[in-house]
Amino acid sequence: MQILIANETHLGYASVICETIEESARQRGTGIAKRSTEYIATKIKNGNAVIALDGKTFAGFCYIETWEHGKFVANSGLIVHPDYRGQGLATAIKTKIFEYSNTKFPDAKIFGITTGLAVMKINYDLGYEPVTFSELTDDPLFWEGCQTCKNYDILQRTERKMCLCTGMLYDPKAQPPKHKKTLNEKVFSRLKSIKQSLLLKKDKLKNTTV
Ligand SMILES: CC(C)(COP(=O)(O)OP(=O)(O)OC[C@H]1O[C@@H](n2cnc3c(N)ncnc32)[C@H](O)[C@@H]1OP(=O)(O)O)[C@@H](O)C(=O)NCCC(=O)NCCS
């Protein structure tokens, strides 16, 4: 397995990457920000993506976005092809893109929003901390990327203060913790189900009263 900074020679993978992201979202039935093939192709061309290849077969992908003139960086669109899951590939891709982002944008805060426990675990191990949305970029373009997520109405209703996703942030200037911490999965699973019952219930209620 090769985990590489993507370049023009990988442009041919843009459509399989988009298809794999969309198919995974369909199967999970969860919210996801959709990305066009052109958008993925631009990330590949500009050296702002990491691709995992098993020989010539696509195995995984993740890309970099910058916000507020490089004050914030997001490592987004993580996808591992179903054939390659459960083998530590997402961890390897996220580690590679995290180190690459740190080198390319050394002063940037690196952040992500996710509902996925696997991604929360990986981010936490890399040094991200869970934060409120107010600590993330306020660039409207970033949040507009959520418009294609099926939970977007929640984000609008809460005036961008909260959604089903958890915000996580790595601040290169923050002091590293003295003791190695691990993510308490139970706490985050519980938090997710509390948010779902509060926010989705209201949503249903709103729909039935209209
Ligand atoms: C989420 C995804 C990227 C994980 O890829 P993967 O290569 O199987 O992940 P890894 O093998 O590196 O696992 C990383 C950690 O998460 C855990 N994990 C993996 N899938 C998990 C799941 N569905 N639920 C809870 N934990 C999970 C692993 O046990 C591992 O933890 P450990 O280090 O304590 O053993 C992959 O399932 C995927 O592409 N899903 C669809 C797209 C998606 O959800 N993208 C994230 C958008 S934010």
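How many of the six residues of strand S5 are buried? Five of the six residues in S5 (residues 109-114) are buried, and the strand is thus described as mostly covered. Here a residue is buried if 20 or more other C-beta atoms, placed from the backbone, lie within 10 Å of its own. Helices (H or I, at least four residues) and strands (E, at least two) are DSSP runs, numbered from the N terminus.

This is a predicted model, in which local features need pLDDT of at least 70, side-chain atom pairs count only at pLDDT 80 or more, and totals for chains, interfaces and linings use all residues. Residues are numbered from 1 along each chain as its sequence is written.

| Pair | Sense | Bridges | Residues standing opposite |
|---|---|---|---|
| S4 and S5 | parallel | three | Phe 72 and Lys 109 |
| S5 and S7 (residues 166-170) | antiparallel | five | Ile 113 and Gly 167 |

Together with helix H3, strands S4 and S5 make a right-handed β-α-β unit; right-handed means that, with the strands pointing away from the viewer, the path from the first strand over the helix to the second runs clockwise.

The ligand is surrounded by 18 residues, and the closest are Arg 85, Ala 90, Thr 91, Thr 114 and Ala 118.

Terms used
A residue is near a molecule or strand if its C-beta atom, placed from the backbone, lies within 6 Å of it. A residue is buried if 20 or more other C-beta atoms lie within 10 Å of its own, exposed if 12 or fewer, and partly exposed in between; C-beta atoms are placed from the backbone. Two strands pair if DSSP finds at least two bridges between them.
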